[in-house]
Amino acid sequence: MLMRCSRYRYRLPLLLRNVRYCSQENKPYFITTPIFYVNAAPHIGHLYTAVLSDAIARWHRFRGHEVLFATGTDEHGQKIQVAANKAKKSPAEYTSENSELFKEAFKAGNVDFDDFIRTTEARHISAVEQLWRTLDKNGFLYKAVYKGWYSTHDEMFVPENNVEEIKIENNNSVKICVDTGNEVSWMEETNYMFALSRLKPELTELLNTQFVQPAVWQPLARSYLHNLPDLSVSRRRDRLPWGIAVPNDDTQTIYVWLDALVNYLTVTGYPNMQNSWPPNCHVVGKEILKFHAVFWPAFLLAANMKLPHQILCHAHWTVDGHKMSKSKGNVVDPMLLMSKYTPDALRYFLLREGVPHSDNNFNEQKMVECINSEIVNTLGNLLSRCTSLSINPNQIFPALNKATLKASFSSEAQHTFYQLQELAGNVELNYSRFSIYKTLEQISATLRWANGLMEEHKPWQLVKHCDQKDHLNTLLHITLETLRVCALLLSPVIPELSGKLLNRLGVPPENQTWNDIRSQQQTDQPLGNDSSVLLKRIKFQH
């Protein structure tokens with residue numbers, strides 16, 4: 001069967017050039033998280049990936065785009081089989097319980113997914129079997145005896161040059177995978193192999209583009225091509241029954257990563273896809289970059305399918321500077337944090353502190369300080385001030401008086417106010433570059449400026465003088481308009497708080513769109529009735 005691969009090799013470079021940058025009219029913006037392995041409950045790193053993806057999806061919906069946002073759980077493989085046995089449950093029972101934990105955590109965190117895929121679903125099994133048949137038909141699968149080091153934890157074979165021996169207790173030694181630090185053992189068995197090595201030229205071309213973002217991860221992706229042997233894509237079924245059987249060969253189980261990656265096809269209805277394919281963005285952690293930047297494009301190229309547009313790779317979350325670990329007892333439970341501090345507070349901190357290009361550190365006290373500083377003291381305080389009865393007795397969102405703006409405010413203040421429109425453009429650029437932390441920096445700086453303007457113009461004194469009414473109303477317009485624009489731009493990050501803020505400003509849902517950012521109101525409008533505090537100051541709870 002290997003000989004059949006050669007006739008596809010010559011077609012692939014042309015295919016690669018044609019499909020990566022395709023644009024389709026009326027195609028939804030298709031974004032995915034990886035599907036999460038259910039051998040343990042979700043932690044803060046899982047929620048960060050989901051919230052990051054959700055914020056991008058919400059941004060595109062806010063821009064008026066149709067969106068397909070998919071997440072889900074990966075439920076096959078040896079680790080699941082072992083974990084289920086240890087818990088004295090069947091794999092089906094064990095995976096169903098843990099999958100529900102992920103779904104509950106994401107829903108609690110306001111992750112507005114369109115599809116939650118489980119690899120144990122019939123639709124997914126059918127999609128995996130279809131892709132397998134396509135790879136076989138196209139000549140990319142063959143059967144051979146495979147000998148090598150195997151990591152049960154990583155569910156993959158490890159090349160000899162990526163294995164080292166280390167000393168452990170009692171002067172014993174074990175072999176480990178250099179990349180992951182997980183133990184490996186020698187294995188020899190007959191498997192189906194995927195002709196990955198034949199695709200090295202096409203993968204090299206792909207990984208020399210901007211396919212992987214941020215750019216800091218591109219050398220890591222390219223490093224996986226240095227040694228690119230053919231890939232074992234099945235396991236003996238008598239050793240691994242918990243998985244999808246190879247079509248027409250029930251002695252073999254399909255490799256869990258080939259199984260898992262197909263989920264991105266499953267959610268489109270593959271093989272009867274409409275107009276969703278290809279994905280615009282796969283959001284993944286750096287530990288699974290190899291599977292998404294090398295194996296996944298290779299499978300798609302071998303199947304003559306269009307490639308995803310981009311991979312957004314992000315680093316890990318540590319806790320107080322240490323890697324999360326059950327043995328250390330420092331795994332952070334996102335459900336507990338959301339119950340203590342609200343979902344939007346946790347979302348804001350994760351996206352404010354989290355940067356894709358380097359590891360991020362979670363510290364609960366730092367999170368509390370960030371929320372109190374930027375949401376309670378800056379955003380909430382500004383809202384409380386300009387909607388209070390003592391400063392805004394008529395409870396209105398005044399129209400802009402341009403003459404008073406020019407007469408009573410400095411040229412610098414006027415310029416900054418008119419730059420609100422530029423803020424929207426800058427935020428759009430940062431969202432498109434997945435730099436949400438920069439968006440939050442810019443918005444926070446704008447809100448601090450508006451608070452400073454309140455301090456400078458002292459509305460609590462202006463309200464006492466009838467001849468200063470225009471001055472006061474102009475100040476109120478500037479601060480309320482700043483809040484309106486910032487609330488709209490913050491809505492993908494903190495949807496509940498943004499909605500509450502806009503309701504307080506009297507902005508109806510139909511006017512909470514991207515097109516409304518540039519629509520300054522021409523007449524005085526009443527504020528909304530909800531005068532409750534946006535978010536109460538939170539206390540650090542040990």
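Lys458 is partly exposed, with a relative accessible area of 34%; partly exposed lies between buried, under 20% relative accessible area, and exposed, over 50%, using a 1.4 Å probe and protein chains only. The model is predicted, so local features need pLDDT of at least 70 and side-chain atom pairs count only at pLDDT 80 or more, while totals for chains, interfaces and linings use all residues. Residues are numbered from 1 along each chain as its sequence is written, and side-chain values use heavy atoms, with hydrogens and water left out.

Lys458 is not a glycine, yet its phi is positive, at about 50°. The residue sits in the loop between α18 (436-457) and α19 (459-462). Helices (H or I, at least four residues) and strands (E, at least two) are DSSP runs, numbered from the N terminus.

Thr342 also carries a positive phi, near 85°, and is a residue other than glycine. Its place is the loop between α12 (334-341) and α13 (343-353). With 30% relative accessibility, Thr342 counts as partly exposed.

Pro214 belongs to the loop between β10 (212-213) and α8 (218-223).

Another cis peptide bond joins Trp277 and Pro278, and here omega is about 5°. Where does Pro278 lie? Pro278 is in the loop that comes between α10 (263-266) and β15 (281-285).
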